[in-house]
Amino acid sequence: MKIALITGVTGQDGSYLAELLLEKDYQVHGIIRRSSSYNLDRLDEIHIEGVKKNENFHLHYGDMTDSMNVIRLISETQPDEIYNLAAQSHVKVSFDMPEYTADVDGVGTLRILEAVRILKLSEKTRIYQASTSELYGKVQEVPQSETTPFYPRSPYGVAKMYGFWITKNYRESYNMFAVNGILFNHESERRGEEFVTRKITLAAARIAYGKQEKLYLGNLDAKRDWGYAKDYVECMWLMLQHDTPEDFVIATGEMHTVREFVEKTFLEVGINIKWEGEGVNEIGIDLKTGKTIIKVEEKYFRPAEVEQLMGDPSKAEDLLKWDSKKTSFDELIKKMVAFDIKKKNLEVYES
Ligand code: NAP
Ligand code: F7E
């Protein structure tokens, strides 16, 4: 039985990855943070504290800022594979908490790599580092591939840039199987509610059921390459099964605006949006009722924006036989909206 250690197991990707690895008969160890409120909801399929247990799934308290804890957990679990998914992953928040973001997302990666080296596990343990399309930031070419130069635009992007290079450096210096997955935006029913896609699908469900008046958004013209998280975690696993340690771009190769995401999502709940005005004065009107249901709010703008991202997934398609077209943009929206309506996450909500 293979042993995997997942940092960030309570996150969107960590929870899907844990399920995938359990299906593949792994012993899965996940690191969770101590929290005063329950933070294991995304693990409900495989674990409910004190209620439901999977004998191959083990949770341990830890934190990426605590080197001794990281070393002890790796020593105790002796993993064949480590998936380093833990991060302060919100780009806008990284402008408010740049030092913490650097510590967790940048130096945190070093802590994992150095622990593996100190414990003399370099030959046994393969490491996946959750790198990101935010490395491309102010894009230097379109689409972005493994050879496109980086130009990060946020403390998050810069911290992840350190994570990317230190992973590559340990691979080259110590011959470790340590790889970067340069993943473009990927979303799902489990996406954090403060990311734009989930904020929109939840708001559409609530507005359609009369539980919310308006949705406040930032830059409607930002363009992203949005995929489905469940498809992307499969690729993380494939990268660690590959013969040689290599970095891969994971993306759909399609780009859409936030505005388009809004329009399609609201259509899914039967609302046609008409746009009026410009910039911060732009509003989205429900064509049928004439009510303003979308407003632009400056507080959601970022000090430096990543205007567009679109990846070229050909290397992963060729070498890993990964299917970048498995879930389409429209299917992704349908899944998220259906979940948010069914979940009836529809308690009265003030933005
Ligand atoms: P997420 O939902 O925000 O999950 C982040 C995870 O990291 C959570 O489990 C969180 O724990 C944990 N975490 C945060 N700070 C930590 C700390 N100091 N010590 C230990 N754990 C900590 O993120 P995601 O969307 O699943 O993304 C997974 C990884 O891929 C992240 O590294 C992200 O930066 C990267 N990435 C994501 C995307 C995307 O589009 N989703 C694209 C490219 C790269 P709590 O639950 O306790 O907060
Ligand atoms: O923003 C714009 C915003 O926060 C997408 C993380 O998983 O993917 C994610 O980072 C776009 C940006 O994701 C709102 O300005 C407009 O241009 O959903 P997001 P992100 O910043 O792209 C990358 C690949 C990661 O690695 C990150 O970890 O949407 N936008 N209005 C808004 N964004 C938010 N959050 N909220 C708004 O109201």
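Predicted model: local features only at pLDDT ≥ 70, side-chain atom pairs only at ≥ 80, totals over all residues.

User: How many aromatic pairs does the structure hold, and what geometry do F150 and F164 have?

Analyst: The structure holds 10 aromatic pairs. For F150 and F164, the ring centres are 4.9 Å apart and the planes sit at 85°. Planes over 60 degrees apart count that way, so this pair is edge-to-face.

User: Where in the chain do F150 and F164 sit, and how many residues apart are they?

Analyst: F150 is in the loop between β5 (126-132) and α5 (155-174), while F164 is in helix α5. The pair links distant parts of the chain, and the separation is 14 residues.

User: What is the relative accessible area of F164?

Analyst: F150 and F164 are both buried. Buried means under 20%, and F164 qualifies because its relative accessible area is 5%.

User: Which residues form one aromatic cluster with F164?

Analyst: F164 also pairs with W165, with ring centres 5.2 Å apart and planes at 80°, so that pair is edge-to-face. The cluster containing F164 also has Y136, F150, W165 and F184.

User: Which ring does the charged end of R117 sit over?

Analyst: Elsewhere, R259 lies over the face of W275, at 5.2 Å from the ring centre. For R117, the charged end is 4.5 Å from the centre of the ring it sits over, that of Y174.

Conventions. Residues numbered from 1 in each chain as written. Chains lettered and ligands numbered in written order. Heavy atoms only, no water. Phe/Tyr/Trp six-rings, centres within 6.5 Å; stacked < 30°, edge-to-face > 60°. Helix = DSSP H or I, 4+ residues; strand = E, 2+ residues; numbered from the N terminus. Buried < 20%, exposed > 50% of the residue type's maximum accessible area, 1.4 Å probe, protein only. Lys NZ or Arg CZ within 6 Å of the ring centre and 35° of its normal.
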